[in-house]
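This report goes through a single protein model.

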Amino acid sequence: MLKVYLKNKFIQKNYLTVCIYLIISVAVNACSDSSSGSDSAANLASVNAGEDQVVLEGQAITLDATVYPEGGTVVWVQTQGPFIDGFPTEDDLSVEITAPATSVDVDLVFKAEYTSSDGQVVYDEITIQVTNVDYAPIAIVQFEDGLTPAFDTYEVVTLLGTSSYDQDGEIRQYQWTQIDENDALTFISDTDSDELQLTAPFVTVATNFTLQLTVTDNSGLEGSNTLIVPVAASSSVIAANAGSDQIVDEFTLVTLNASDSASAVSDVSCNWQQTYGISVVIDDVDSCITTFVAPDVDAEEELIFSVEVTDSANEQVSSEVLITVNPVNLGTLHDTGITKCFSDTKEITCNNPDYPEQDADSGRDEISSLLDKIGEGPRSFDFTKFDENGDELSHSAVVFSCVRDNFTGLIWEVKDSPSIPEFENLRGAENYYSMDSDLDPILSCPSTSNCGQEEFINTVNDEYFCGGANWRLPTYLELLNILDYNDVDSGDLFVSDFFLNTPDKAKLGHKFYWVSDANAEGGTDEAYFVLDLATGDDSVIHMSKPAYVILVRSVGDED
């Protein structure tokens, strides 16, 4: 009886062709000599890799090939999907593998290549669909190394969830909660991080508190675990807690909180005192929760506060808290002087959420009352007066020749009052100059040579005015830095208590002051910036045009 194996998929697809071939072969063999040696169709090689499968990740898989005729060699080759070690195989009909871990469903394709003993080569493929299995994360909760339960009153306890893991993904969220019915614990760290800090509460009997950590993985699956936090009974009927140490910036509002202080007898009262550091004003020393404003500091400073807690039985106990104050970088420029905030139509209270980030909401002016000034000045301005020899004067001096800006360290010329007749005083407020030497002498300044700014500067330096010979024109930013925009309706934007004399706008029709910056966009190297001290606007004019001059010099940079 003629038997034909049709398991090979290639042969199955060509079944009709094979049948015709077999009929013709039988007919020919029946008429021919059986000893002719011609091949029979029954000798065609075939291989079957088996039925396609669907498995779970991590599941064992058997690849089992069936071949005809036997006696040849089978090699398995992986052609698709995450690579699995061991392929291609050497000569195995059956191969054992494990479905790989995967975050999504994937297909593995394997090809069985069969070489028969007479040299025929055939192949077949099998597809293994590996289905992803989402495993919930494992939450692991433990105490920080070195902590030994039970915990004493107000001891800081740290719980760790850092050993939690997810075997087929990653942990994306942590959440700590107290799940017992005892009084709420005080957490001193965020409850959504991989560790939690809490303060052991005041209890009169030993009490167990139960904390739960829930972790969530990248697939949204959750895992939870709990840990018992035992707290020992207090050895006293009253306990004081001044709160956790804090690190704050200067000028910020700091809260002192002793509300966790307790007594087994009654409610408690509090009294705060500062015991160390730069003196500050505590808003309400008799409140368990009170505030103060961090002082102006030039370097890190430590402040220590003590709270004395008293109950109705007149039992008293105290606790201390350390507040570390850091300096804030306020920049290298003055503030604008603007202290008011506005809506689209009117003045409003500052820090309005509907009109945020206004000038008066931030900067030096906002905290000007807290600044530790060397000299005096409105809002955040800080100036010291000098006489014509460069010696410091008292803040109350009414006659002075220069002022030092204590914020930038620059020393500024103070103009003399206009002379009568005009242009006879070297530093008279009415004198004006060109950037070059084109202005005629005498007609706008007292020089007999020319009324260019360079001639004026050389003369002032020759006199060693205010103890220096390095006077110069200010830069654009340096002059802008001492303007006070608080009152734009005034004659000019100089701080009038320190820059006493300014020119009459009617003289030139403006109050332009030269600065040393050339204008790169002026189309010529002869165009320079000027600042209009009447409005604060800048302009660009030709170097031969007239404008006013105020000089500045740097300390320690003598020519």
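On a 1 Å grid over the protein atoms alone, a cavity is a set of points where a 1.4 Å probe fits but cannot get out, and its lining residues have an atom within 4 Å of a point. The grid points are joined across faces, edges and corners, and a volume is the space filled by probe spheres set on the points. The model is predicted, so local features need pLDDT of at least 70 and side-chain atom pairs count only at pLDDT 80 or more, while totals for chains, interfaces and linings use all residues. Residues are numbered from 1 along each chain as its sequence is written, and side-chain values use heavy atoms, with hydrogens and water left out.

The structure holds 3 cavities of 30 Å³ or more.

## Overall make-up

The protein chain has 5 helices and 32 strands. These are DSSP runs, numbered from the N terminus: helices are H or I with at least four residues, strands are E with at least two. Of its 559 residues, 41% count as buried. Buried means under 20% relative accessible area, exposed means over 50%, and partly exposed lies in between (1.4 Å probe, protein chains only).

Contact means heavy atoms within 4.5 Å. Among contacts in the chain with a separation of 6 or more, 59% come from residues 24 or more positions apart.

## Disulfides

A disulfide is a pair of cysteine sulfur atoms within 2.5 Å. By this rule there are 4 disulfides. With the bonded cysteines of the protein chain numbered in sequence order, the pairing reads 1-2, 3-4, 5-8, 6-7.

C270 and C288 form one, with sulfur atoms 2.0 Å apart. The link is right-handed, with 85 degrees about the S-S bond. It connects distant parts of the chain: C270 sits in strand β20 (residues 269–276), C288 in the loop between β20 and β21 (289–293), 18 residues apart. Both C270 and C288 are buried. C402 and C466 are also joined, S to S 1.9 Å. Their link is right-handed, with 105 degrees about the S-S bond. This pair too links distant parts of the chain: C402 is in strand β27 (402–405), C466 in the loop between α3 (453–462) and α4 (476–480), 64 residues apart. C402 and C466 are buried.

C341 and C350 form a disulfide with sulfur atoms 2.1 Å apart. This link is right-handed, at 105 degrees about the S-S bond. Is C350 buried or partly exposed? C350 counts as partly exposed because its relative accessibility is 24%. C341 counts as buried because its value is 1%.

## Helix α3

The buried residues of α3 are Q453, F456, I457, V460 and N461. Seen down the axis of α3, they fall within an arc of 130 degrees, so they line one face of the helix. The arc is that of the directions from the helix axis to the C-beta atoms. An α-helix has 3.6 residues a turn, so residues three or four places apart point the same way.

The buried residues of α3 pack against β28 (410–413). On the other side, E454 and D462 are exposed. Just after α3, Y464 takes a positive phi of about 50 degrees.

## Two buried loop residues

I550 lies in the loop between β31 (538–542) and β32 (552–554). I550 counts as buried because its relative accessible area is 3%. Leaving out residues up to four places away in sequence, I550 touches W412, E413, K415, R472, P474, L479, F494, F499 and Y513.

F87 is in the loop between β5 (73–80) and β6 (94–98). F87 counts as buried because its relative accessibility is 10%. Beyond its neighbours within four places in sequence, F87 contacts L63, W76, V77, Q78, V95, I97 and F110. F87 and V75 are 12 residues apart in sequence and 8.9 Å apart in space, C-alpha to C-alpha.

Conventions:
1 Å grid on protein atoms, 1.4 Å probe; cavity = no way out; pocket = protein on both sides within 12 Å on 5 of 7 lines; lining within 4 Å.
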